Amino acid sequence: MRSTQFRAMGIVAAAGAIALTVAACGSGTPGQPADTGGGGDDVPEGATSVEFWQLSFQDVENDWYTDAIDAFNSSQEDIHVNLTQVPGDAWEQRMTAAQAAGNAPDMYTIAYNGVISAATTGQIVSLSDHIEDDVWSDMQENVLGSVSMDGAHYAFPMLVEPSSVLWYRTDLFEAAGIDGPPTTWEELQDYAAQLTTGDVYGFGSAQAAGDMGWSTWGLQWNVAGHLPISDDWSQAEVGDEYAPLLQAWQDMYAAGSMPQQALAGYADANPMGQGQLAMNMGGSWFASVFINDFPEMVENIGAAPMPSFHGDPAAPTATLGGWTWVVDAKSEVPEEAATVIASILGGGDDEHLLEYFEGTQYSKYSPRSAVNDALVEAAADSENPWASMIASEIVPTAMPEASYPWDISLAFATALEQAMQGTDVSTALADAETEINRLIEANQLAGTAPQ
Amino acid sequence: MSARSNVMAYAMLAPIVVLLTIFVVWPVVYAIYLSFYNWSFYTPPIPVGWRNYVNVLGDRTFIESVGRGLLFAIIVVPTQLVIGFLFASLVKTVSGKIATILKVSIYIPTIISGVIASIVFVLIYNYQGGILNAFVGIFGVEKQAWLGNADTALAALTVPAVWLGLGIGTLIMLAGLVDIPTSYYEAADLDGASWFQKTFFITIPLMRNIFLYLLIAGFTGAVQQFELPLVMTDGGPLERTLLPNLYIFQHFRNDTYVGYSIAAAILLMLVLGSISAGIFRVLNSEKAVDG
């Protein structure tokens, strides 16, 4: 017992030392709200408490979480959920400290690409043991696959957001005499060159490896038919099939159709809203930014799938990012936590769940077919004119996010950035292949891919 | 009497020794232990021997980041020392009120958060609508991607780094300058010494320990610079601003197991310790000879 405590103290102290070593990573961003939450103080006698940490999102989303938890707490007296909304910049530090001290919350939100890693390291429990099969039956297969390992489901998907949509300025297209969005990459590059004038750039997208690493997964699938590592993670698969993607970035950067430096991070829709871009590859979440912050621009913005490199409209051009709910492996009440998840996300109250998608102006989509069908129908009459197209033309072909270690994605993205900055495409791809093989060897990844 | 004195001495030392042991020695020892494991909070540590160290040393990104950190420090620290010394000399020569204004002015960057300074400089360097591009535009120079161009990004980061560290260095140097007995300068004046002669034969030798402190503190601080590349460039473009601490942080944040980032942190500690020891050896610290 004493040695366990001693060991725990050591782990906490070591984590603190490392945090200090990496220098001042604990500071909060000024203006970020303090933790807030829901659940109230009126815990029914004998009720089991479940701690739930939610990454703080937009106000409308936070309000929905609070309402959902309050509604669940009011609906029964056996389980009482305490919701904590943690600001984004404090999440890593708070969660790491809580895990080190053995005080991690019972359940929390986690992004798709973190699920398999968390499952592999035993951080989260399989929900298959706690949530019945029929609750999962409504889930889209491709989404379910991204949270499953060895036949068990480790997270309950809440929403999906396609990572890449082609947003374009219909007024600028019309003024330039261009009819409709590009359907091929040749057209896209041609239009981008034509539409670049003064301070308006023809095409904007991720231009730094950190952003390219995840935002181009869909295009990697599209151009090569696979991601740059074999299915069993035993070797790099970075061949010439990726060349058209790298070449496109290189050509548009050299031609000045793309700015010499990204006008904002990939997730930021402001440059498009502010009229600095004629075309912008961005996520489906751009819709709510345009509607809320740039309402005067909505009638001048169109949305389309990104062009397919080989002309196949059914080929994926996006991946499905988004958020899931998981149960911590050290939770003493996994059954109760899973009950909360199944009740709120699994069909217990779909009307309330639909309010989430309505509140976020249908810029996100449900991985559950029944909910998604209902939201697509509702979106048709909504203020979001792009929701139906995204739901019908992009979501169905989109792929799950990559689940291999982030370094692999970064290695490929570095090749893309190298090519954009002028390195020969073949050289950049060869560098990526070497680096990915080194990472496979160093991390002993071969054979560890989830099945 | 002697034994009682010893007991009192140990008693007075005990708090700091205990605190250092708990918060410095033990975490470092435990971190070294963990660096030989693949480790997470949820699974028993898996011993991997030297593999984490071999992997870190085999990663050209880490080696390059350390080299880049040294280059960054070589640009930043001497620049800070020279500007700080000139500024401190200026402050010493002017009257009280103006000296106060100058001291406050030079110290202001020190109390500004590195994150805020980073955001301010991002606005200055912005490719589209940045103040610097507007300025160079007046002279007909095309706008530049200061932070987006692999050739200029690191240099662009050195400017806020110098600015942020200038205040404290200048004030420490000013304290050193004021501490030098005026009789030395009066004697030099009687011998007809010029300003340069007084500076190089009186001021700088008597400030050796201050330079030594600023050099070591500045060098280790600059190599470990973290906020500026994190906020301004996230290590890009093409890893050209990826300094070692940011490299370690990125791995700490993204890796499945943390043994690798701990090994990298320990290797960086060894590098910085060696460099500090080297500086001590070259610039031998001496007790001040004047009273």
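A salt bridge is taken here as a side-chain nitrogen of Lys or Arg within 4 Å of a carboxyl oxygen of Asp or Glu. Under this criterion, 2 salt bridges are counted between chain B and chain A. The model is predicted, so that local features need pLDDT of at least 70 and side-chain atom pairs count only at pLDDT 80 or more, while totals for chains, interfaces and linings use all residues. Residues are numbered from 1 along each chain as its sequence is written, chains are lettered from A and ligands numbered from 1 in the order in which they are written, and side-chain values use heavy atoms, with hydrogens and water left out.

In one of the salt bridges, the side chains of B:Asp59 and A:Arg438 meet at 3.3 Å, N to O. Over all chains, the search of the whole structure returns 11 salt bridges. The pair B:Asp59 and A:Arg438 crosses between chains, from the loop between H2 and H3 of chain B to helix H19 (residues 425–442) of chain A. Helices (H or I, at least four residues) and strands (E, at least two) are DSSP runs, numbered from the N terminus.

The interface of the two chains involves 44 residues from chain B and 46 residues from chain A, where contact means heavy atoms within 4.5 Å. The area buried between chain B and chain A is about 3900 Å², and carbon and sulfur atoms give 60% of it. Buried area denotes the accessible area (1.4 Å probe) that two parts lose on being put together, summed over both. Of the area that chain B buries against chain A, 20% is supplied by B:Phe41, B:Tyr42 and B:Leu238, more than by any other three residues.

Across the interface of chain B and chain A, 13 residue pairs are in polar contact, both residues being at pLDDT 80 or more. A polar contact is a pair of N or O atoms within 3.5 Å; within protein, one must be able to donate a hydrogen and the other to accept it, and residues adjacent in sequence count only if both atoms are side-chain atoms. On the side of chain B that touches chain A, at least two residues each come from helices H1 (2–34), H2 (51–57), H5 (114–125), H12 (244–254) and H13 (259–282) of chain B. H12(B) gives the most to this side, with 7 residues. By class, the side of chain B that touches chain A has 26 nonpolar, 11 polar and 7 charged residues; Ala, Val, Leu, Ile, Met, Phe, Trp, Tyr, Cys and Pro count as nonpolar, Asp, Glu, Lys and Arg as charged, and the others, Gly among them, as polar.

Chain B is divided into domain 1 (1–33) and domain 2 (59–282), with bounds from an automatic or database domain assignment. The centres of these domains of chain B, taken over C-alpha atoms, are separated by 34 Å.

Over all chains, 41 aromatic pairs are found. Rings of Phe, Tyr and Trp (its six-membered ring) pair if their centres lie within 6.5 Å; planes under 30 degrees apart count as stacked, over 60 as edge-to-face and the rest as tilted. The pair of B:Phe62 and B:Tyr247 is tilted, with 5.4 Å centre to centre and 50 degrees between the planes. B:Phe62 lies in helix H3 (residues 60–93) and B:Tyr247 in helix H12 of chain B, so the pair ties together parts 185 residues apart in sequence.

Two backbone features concern the peptide geometry. Most residues other than glycine have a negative phi, and most peptide bonds are trans. B:Gly236 and B:Pro237 are joined by a cis peptide bond, with omega about -10 degrees; B:Pro237 is found in the loop between helix H11 (227–232) and H12 of chain B. A:Trp233, not a glycine, has a positive phi of about 60 degrees and is placed in the loop between helix H10 (217–224) and helix H11 (243–255) of chain A.

Chain A is divided into domain 1 (31–162 + 320–400) and domain 2 (165–318 + 403–442). The area buried between domain 1 and domain 2 of chain A is about 1900 Å², of which carbon and sulfur atoms give 67%.
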